[in-house]
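These are my notebook entries on a structure that is new to me. I set down what I looked up, entry by entry.

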Amino acid sequence: MSTTRRQFLHTSTAAALGSSSGWWPPAHGQETTAEPAASTPTESPRFDLGIASGSPTAHSIVLWTRLTGDGLPPRVEVRWELAHDESFKRIAARGIETAEAAWAHSVHAQPRGLAPGRWYWYRFQALGERSVTGRTRTAPLAASGATAPLRFAIASCQRYDAGHYAAWRDVAAQNLDLVMFLGDYIYEGASRSSFPRRHEGGDARTLATYRARYATYKRDPLLQAAHASAPWLMVWDDHEVDNDYAGLQDSHLDADFAARRAAAYQAYWEHMPFPHSARPRLDVPGGAMRITGRLDWGTLARIHLLDDRQYRDPQVCPRPGQGGSNTVTAANCPALLDPRRTLLGTEQERWLAEGWDLRRPWNLVAQQTLMARHSWTDTADGSAGLGGTYWSDGWDGYPLSRNRLLGTVAERRVPGVVVLGGDVHAHVVADLKADFDRPESPTVATEFCGTSITSHGRPQELLDMARSFNPHVQWSRSDRRGCMLFTLDAKQLQVALRAVDDVNDPASAVRTSASFVVEAGRPGAVSA
Ligand code: FE
Ligand code: CA
């Protein structure tokens, strides 16, 4: 027991990372450095993939782990404990979950009846071993009065073999209330020889190979520290399954894509802190897993979580004989302006339109990709209805779907809409306009799209060249990896764009490269 006990002390998140007094307001150039040792819970082979918590509500939280190692029986009892204190003197809840081989020995415990707006600590025990300790919390209730500021991060696109996770050390050190992961948790492809780390094997295509890919990612100690530091909200994008997939179609038009998607969805659920109620249905082609959801955060905000992969129409005007993304113009692709095309699916579009919060000051939209129009050429090029050149995989490939969403926001005067995204491997700050062709038209919402944790970006010169075609874009930098940190209160949203000095160095410093503020009732970001 003494080894386990020592390990617990050494690897508990707060001990490993030091107790931070918070990161706001970070002066420009403030940095986090490598000196606190990250937790390395590899002493326990059964809990080699770490722990996580997520999907919080005011009264419950999902606690996750997955057992590993040789000779695991088909069913293993796993004890979990949730406490009010880090030393587990005051237990709030405890229980036993059965980890089954059929679901990769994953555990998704869901203590209920918890107090709102509270911090908790949790850990697991199985087969004579104990996991590290994680820190988590429940959401506050509006009924409890004014809500303390919400501090959260957004992150996306953590291609393991493309770099190291210094950005996750930065996130873990902030002691945040929430981490929102906005897609591309894994990349399904094989590694390139020029990359600093290795994906095991070739393309992930089967349940076994997706599970192996998640295990590679989950063994990273800095990612484990970020999971152990706060509850996560998660949405997926394409690479959790296959690049550029749309619904039941992949970019190669493979006949067996449905089976591949079902395997990928299963592996995703197995490795993420989603509740049992979110477990994918495997009796329908492609599997079905609902990640769309909503979380109310006290009196401050409603958080909407969207799925822009599972229900979308295929990308418009693909290359001959293929599916997937393309670069398109309205002149050469009239279907771009087909009003029936949707990125969210009709049902999810309606769900969002009916669920905007008109009482709280903020509506945060956690979704996958850049929503602001981003043309790669001059939009005054004379093509009918819509000028410019667009990448068809993002919102730009579904412009009328975007118009419907922003139209509802403008019409109903939805307060404080802030769209959060990833996917484009660049920090982008943008005003979301009622009419992107008229820069003087009202700004109806604000967008913060975070750069990748590691995945490579497009050349910065391309983004610089495109700036004049997109005057509503205030900031676009693809040359830095990192994340974004936010502090939200009833009056304003403060945002720090965090940038890693050297993505090839796990000990790299992480700095604030720019800061913005959004005032409640005044859509649009202001440089701070
Ligand atoms: Fe990505
Ligand atoms: Ca993506």
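**Entry 1**

I began with Asp 237, which counts as buried because its relative accessibility is 2%. The model is a predicted one, and I read every value below as computed from it.

**Entry 2: the iron ion**

Which residues coordinate the iron ion (ligand 1)? I found Cys 157 (SG), Asp 184 (OD), Tyr 187 (OH) and His 425 (NE2), at 2.0 to 2.4 Å. The spacing of these donors along the chain is C-x26-D-x2-Y-x237-H.

I then checked the geometry. The angles among the 4 donor atoms run from 85 to 169 degrees, and the site is irregular. The tetrahedral class requires all angles to lie between 85 and 135 degrees, so the angle of 169 degrees excludes it here.

Asp 184 lies in the loop between strand 11 (178-181) and helix 4 (207-218), whereas His 425 lies in the loop between strand 18 (417-421) and strand 19 (427-433); the pair therefore ties together parts that are 241 residues apart in sequence.

**Entry 3: the bridging residue**

Which residue coordinates both the iron ion (ligand 1) and the calcium ion (ligand 2)? I noted that Asp 184 does, and that the two ions are 3.8 Å apart. Asp 184 counts as buried because its relative accessibility is 0%. His 425 is buried as well.

**Entry 4: helix 3**

I went on to helix 3, residues 166-173. Of its 8 residues, 8 are buried, so the helix is largely enclosed by the rest of the structure. Among the buried residues I listed Trp 168, Arg 169, Asp 170 and Val 171. After helix 3 comes Asn 175, with a positive phi near 50 degrees.

**Entry 5: the cysteines**

How many disulfides does a search of the whole structure find? The search gives 1. It is formed by Cys 317 and Cys 333, whose sulfur atoms are 1.9 Å apart. I read a torsion of about 95 degrees about the S-S bond, so the disulfide is right-handed. The pair links distant parts of the chain, 16 residues apart: Cys 317 is in the loop between strand 14 (301-305) and strand 15 (327-329), and Cys 333 in the loop between strand 15 and helix 7 (346-355).

I compared how the two ends are placed. Cys 317 is partly exposed, with a relative accessible area of 27%, whereas Cys 333 counts as buried at 2% relative accessibility.

I also looked up Cys 157, the iron donor, which counts as buried at 1% relative accessibility. Cys 449 is in no disulfide, and its nearest cysteine sulfur, that of Cys 157, is 8.5 Å away. A disulfide requires sulfur atoms within 2.5 Å. Cys 449 also counts as buried, at 0% relative accessibility.

Terms used: Residues are numbered from 1 along each chain as its sequence is written. Chains are lettered from A and ligands numbered from 1 in the order in which they are written. This is a predicted model: local features need pLDDT of at least 70, side-chain atom pairs count only at pLDDT 80 or more; totals for chains, interfaces and linings use all residues. Side-chain values use heavy atoms; hydrogens and water are left out. Donors are N, O and S atoms within 2.8 Å of the metal (3.2 Å for Na, K and Ca); water is not among the atoms, so sites may look incomplete. Four donors count as tetrahedral if all angles lie between 85 and 135 degrees; four count as square planar and six as octahedral if opposite donors are over 155 degrees apart and all others between 65 and 115; anything else is irregular. Helices (H or I, at least four residues) and strands (E, at least two) are DSSP runs, numbered from the N terminus. Buried means under 20% relative accessible area, exposed over 50%, partly exposed in between (1.4 Å probe, protein chains only).
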